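Subject: Structure for your files

Hello,

Here is the structure I said I would pass on.

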Amino acid sequence: MSTPTRADIRFWFQGEVVSLSGISPQKTVLRWLREDRGLTGTKEGCGEGDCGACTVALGSLDPTAPQGVRLRAVNSCLLFLPALDGKALFTVEDVAGADLHPVQRALVDLHASQCGFCTPGFVMSLWADYQDRSGPPDRAEAASVLSGNLCRCTGYRPILDAAVAAWDYPPVKLDRQPAAQALRSLAALPALSYRHGEQTWEAPRSLDALADLADRDPGARIVAGATDVGLWVTKGLRDLGPLISVGAVDELKQIRPENGGLWMGAGASLNDAFEALVRAFPELTELADRFASPPVRNAGTLGGNVANGSPIGDSMPVLLALGASLVLRKGAVTRQLPLDEFYLGYQKTARQPGEIVVAIRVPPAVPGSAFRAWKVSKRRAQDISAVCGAFSLVFDPRGTVTQARLAFGGLAAVPARAPQAEGCLVGHPFDDVALAAAREALGRDFSPLTDGRATADYRRVVAQNLLTRLQAEVSAGAPA
Ligand SMILES: Cc1cc2nc3c(=O)[nH]c(=O)nc-3n(C[C@H](O)[C@H](O)[C@H](O)COP(=O)(O)OP(=O)(O)OC[C@H]3O[C@@H](n4cnc5c(N)ncnc54)[C@H](O)[C@@H]3O)c2cc1C
Ligand code: FES
Ligand code: FES
């Protein structure tokens with residue numbers, strides 16, 4: 001007997017449940033707001049998640065969040081309409097009451113807006129962050145919150161001042177109870193099965209149903225946060241055909257400790273996944289902060305990053321160095337595969353048609369091991385890596401390297417380990433001789449490409465220099 005489904009998209013918006021049908025499931029929330037609803041406060045800048053002009057906030061049920069609703073800033077230019085199903089949407093039009101909200105008031109009073117094009121996006125990033133805070137961010141925290149918002153004319157100093165000063169005004173927090181009530185009733189409805197011509201969006205609620213759907217329609221595209229997939233529509237102008245969303249499957253969002261290591265559901269947001277990884281491996285703090293931006297990390301998932309397998313992706317070198325493995329499922333059959341064996345070639349993975357990534361398992365750190373990860377890019381925040389390196393070394397009590405995992409993004413067609421450089425370290429102390437041999441071997445492990453981000457020579461030298469930094473820090477016992 002098939003499970004009942006529902007044909008319309010329903011979400012909480014401006015004080016009521018909105019029901020949508022007869023619209024392409026590949027229409028973005030940004031276009032719907034501006035073109036269909038005439039709500040032009042939310043701006044379009046880049047259309048690819050880079051500028052933050054389109055930032056909105058999404059509310060979803062979460063028993064650990066205030067009043068049971070978790071609020072997160074996301075980029076509406078990359079969000080497909082059906083991704084709103086079962087959620088609450090807040091735009092800049094919702095922020096001001098009879099008076100400006102404190103974050104708006106502070107932006108005005110501190111002259112933090114000139115042409116104003118970017119301002120709604122800044123307002124929404126600050127507003128979403130404000131709701132969950134009990135006190136002002138410091139400037140570093142504010143910079144991190146706003147790292148996905150670009151301003152071309154005002155300059156960031158007054159904007160950061162405003163982010164902090166918003167807390168000098170009488171507090172105005174959102175009453176999330178009406179949204180919570182609506183979201184609870186939406187959660188009780190059958191799962192969404194949306195059709196518009198040949199375009200479909202299935203949003204099963206259980207892992208079994210997801211695995212079954214993907215197996216029965218292996219040609220359908222799996223979609224998670226759409227921070228990669230969305231660009232294929234907004235920039236590639238592609239029709240993605242049938243889509244199967246992992247977004248409504250709560251089991252896939254679970255992150256839990258497992259035998260001293262971590263089980264991270266493929267549908268966990270990048271933010272949640274990195275939070276767990278940083279707790280286990282504090283050496284990842286900087287890389288986690290520099291991965292994309294808060295709105296991209298709120299929408300994007302770890303499973304999407306791994307499954308997409310971009311040669312310049314940042315989580316893969318980290319997971320390769322940590323010895324992670326993948327849990328994959330096709331129909332009723334589940335298998336486990338070391339991440340080492342997943343990437344076969346450019347945009348080619350060991351994932352079979354109709355197979356889904358269920359989880360990423362990270363083993364516990366080996367006692368006596370050292371771990372480091374560094375991202376090298378032109379900008380500090382919101383940039384794609386030229387090179388990303390992640391390294392795990394295990395030493396015996398005499399200081400001899402017994403295991404080495406040196407993993408890189410940006411040096412090959414896939415994220416990959418450096419077997420020859422690793423071979424130069426194992427069985428030796430990590431001294432200058434071993435370092436020189438490993439640096440030299442790295443040149444044999446990889447033949448990097450020249451592209452708009454970096455030249456081949458630059459990439460090679462940067463990778464070698466990361467090994468030098470690794471040796472300097474590890475031998476000095478320096479903190480990450
Ligand atoms: C502005 C911007 C900045 C970015 N910065 C970075 C960065 O700094 N570092 C970095 O590494 N990446 C970055 N990205 C890329 C992107 O955010 C990540 O790759 C993200 O993790 C993709 O996850 P998603 O959930 O959005 O995947 P989606 O876009 O939904 O899907 C990506 C791919 O994975 C497949 N897929 C997703 N989930 C599953 C699953 N469970 N099983 C099987 N297949 C699945 C999809 O079919 C698709 O092929 C950036 C993107 C943007 C737009
Ligand atoms: S329009 Fe630039 S991030 Fe969406
Ligand atoms: S105020 Fe003009 S872009 Fe920011």
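This is a predicted model: local features need pLDDT of at least 70, side-chain atom pairs count only at pLDDT 80 or more; totals for chains, interfaces and linings use all residues.

Domains

The chain is divided into three parts: domain 1 (5-93 + 176-245), domain 2 (102-168) and domain 3 (254-476). The centres of domain 1 and domain 3, taken over C-alpha atoms, are 30 Å apart. In the contact between these two, domain 1 takes part with 23 residues and domain 3 with 19 residues. On the domain 1 side, β5 (69-75) and α7 (207-216) each supply at least two residues. The most comes from α7, which gives 6 residues to that side. Sorted by class, the side of domain 1 that touches domain 3 has 12 nonpolar, 6 polar and 5 charged residues.

Ligand 1

There are 31 residues around ligand 1, and those that come nearest are Gly49, Ala224, Gly225, Gly304 and Asn305. Of the elements, α12 gives the most, with 5 residues. By class, the shell around ligand 1 has 15 nonpolar, 11 polar and 5 charged residues.

Which domains does the shell around ligand 1 draw at least three residues from? They are domain 1 (5-93 + 176-245) and domain 3 (254-476), with at least three residues from each.

Regards

Methods: Residues are numbered from 1 along each chain as its sequence is written. Chains are lettered from A and ligands numbered from 1 in the order in which they are written. A residue is near a molecule or strand if its C-beta atom, placed from the backbone, lies within 6 Å of it. Helices (H or I, at least four residues) and strands (E, at least two) are DSSP runs, numbered from the N terminus. Ala, Val, Leu, Ile, Met, Phe, Trp, Tyr, Cys and Pro count as nonpolar, Asp, Glu, Lys and Arg as charged, and the others, Gly among them, as polar. Domain bounds come from an automatic or database domain assignment. Two residues are in contact if their C-beta atoms, placed from the backbone, lie within 7 Å.
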